[in-house]
Amino acid sequence: MNERQLQILRELGESGSVTATAEALLMTPSAISQQLRLLQRSIPVPLTERDGRRLVLTDAGQALARAAIEVETAMATARHAIDEFVDQPDAGVSVAAFHSAASAFFPLLLLGQAGPGRPRLSLADEDVAQDHFPGLTRDYDLVLAHRLDQAPPWPATVTADTLLREPLDIALPAGHPLTAKRRLTPRDVADQPWITVHDGFPLMATIDAIASAANRRLDIVHRINEFSVVAEAVAAGGGLALMPRWTTRPHPALVLRPLSGVHTRRHIDVLHRPERAARRAVRTVLTELHRAAATIQRRDGGAVPA
């Protein structure tokens with residue numbers, strides 16, 4: 001028994017013939033008859049009977065047809081509830097982001113979505129290894145994730161939109177001899193102590209590429225994921241580090257220099273399950289994220305550090 005079969009039974013009781021029922025429901029008479037037979041298989045008493053050349057409802061059929069009205073009413077109410085949920089402009093939207101993206105995007109999101117009739121944001125920081133980002137889409141509507149330029153694309157189970165393609169620069173303490181160069185090479189930096197992220201996080205592939213290009217192993221002395229902490233460690237002379245150009249706050253005691261000879265750019269992508277974007281509020285926040293990305297890049301002018 002399904003909703004369509006109940007609709008056919010109800011229409012048959014009201015129209016009085018299979019032909020009229022078929023015309024009303026834009027079906028063929030044979031399709032109507034087939035659905036009635038399938039419905040009858042699930043019911044222990046006859047639902048229809050012959051009255052001359054007409055097919056009419058039995059008492060049991062009439063009782064089920066009356067119940068079909070209640071079913072259709074309940075389904076219409078359910079569809080209306082879903083339509084309202086999908087189209088609700090101020091519905092809740094959950095957003096997760098890794099730390100540096102959260103620092104750059106969350107304030108802009110909060111400012112852009114403030115006021116009545118705007119989505120109600122629920123923000124969370126999630127600093128996970130690269131291959132764990134897609135799994136976060138089970139728990140959040142939108143997930144800001146990062147991967148390196150040359151990394152494989154995200155799995156087809158999630159939809160991914162690129163917000164930024166952000167350069168990664170070498171962070172040096174002010175006064176370091178290498179600040180005299182406008183652009184650095186792997187050989188310039190390979191003999192320095194390094195501060196890097198933990199294994200499994202995207203930037204490690206760039207660290208490995210620097211070592212390969214310089215043909216020597218880098219001296220990794222500190223493992224720190226949070227860039228604001230990395231900046232303080234670099235400023236204190238703890239080593240060199242890769243630093244995102246746009247999504248980390250400038251530090252007065254640091255100098256950034258671009259690196260030649262290896263790919264030093266990361267994608268900041270927003271991931272979501274395809275069905276989440278059916279909701280108006282989620283689409284609104286997606287639009288705001290793209291607007292925020294343009295603002296973040298524009299603040300720096302997209303220029304190479306001087």
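Begin by selecting Asn215, which sits in the loop between H7 and S8; helices (H or I, at least four residues) and strands (E, at least two) are DSSP runs numbered from the N terminus. The model is predicted, so local features need pLDDT of at least 70 and side-chain atom pairs count only at pLDDT 80 or more, whereas totals for chains, interfaces and linings use all residues. Residues are numbered from 1 along each chain as its sequence is written, and side-chain values use heavy atoms, with hydrogens and water left out.

At Asn215, phi is near 60 degrees, a positive value in a residue other than glycine. Most residues other than glycine have a negative phi. With a relative accessible area of 68%, Asn215 is exposed, where exposed means over 50% relative accessible area, buried under 20% and partly exposed in between, using a 1.4 Å probe and protein chains only.

Select Leu26 next, in the loop between helix H2 (18-25) and helix H3 (29-41). Here too phi is positive in a residue other than glycine, with a value near 55 degrees, and Leu26 is exposed, its relative accessible area being 78%.

**Salt bridges**

Now show the charged side chains, taking a salt bridge to be a side-chain nitrogen of Lys or Arg within 4 Å of a carboxyl oxygen of Asp or Glu. By this rule the model holds 12 salt bridges.

Select Asp141 and Arg276, which form one of them, with their closest N and O atoms 2.7 Å apart. This pair links distant parts of the chain, 135 residues apart: Asp141 is in the loop between strand S4 (120-125) and strand S5 (142-148), while Arg276 is in the loop between strand S11 (265-272) and helix H9 (280-300). Both Asp141 and Arg276 are buried.

Move on to Glu166 and Arg266, whose side chains meet in a salt bridge at 3.0 Å, N to O. Because Glu166 lies in strand S6 (residues 159-173) and Arg266 in strand S11, this pair ties together parts that are 100 residues apart in sequence. Glu166 is buried, at a relative accessible area of 0%, and Arg266 likewise counts as buried at 0% relative accessibility.

How exposed is Arg223? Arg223 lies in strand S8 (residues 219-223) and Asp199 in the loop between strand S7 (193-196) and helix H7 (203-214), so the pair ties together parts that are 24 residues apart in sequence. Arg223 is partly exposed, with a relative accessible area of 34%, and Asp199 is exposed, with 57%.

Finally, select Arg10, Glu14 and Glu72, which salt bridges link into a network.

**Nonpolar cores**

A nonpolar core is a set of buried Ala, Val, Leu, Ile, Met, Phe, Trp, Tyr and Cys residues joined through side-chain atoms within 4.5 Å. The largest has 38 residues, and those with the most contacts inside it are Val95, Phe105, Phe133, Leu142, Leu144 and Leu289. Two or more residues are given to this core by each of strand S3 (92-97), helix H5 (99-112), S5, S6, S11 and H9, and the largest share, eight residues, comes from H9.

Centre the view on Leu144: leaving aside its neighbours within four places in sequence, the residues in contact with Leu144 include Val95, Phe98, Phe105, Phe133, Leu163, Asp269 and Leu289, contact meaning heavy atoms within 4.5 Å. Apart from this core lies another, of 34 residues, among them Ala190, Ile210, Ala214 and Leu254.
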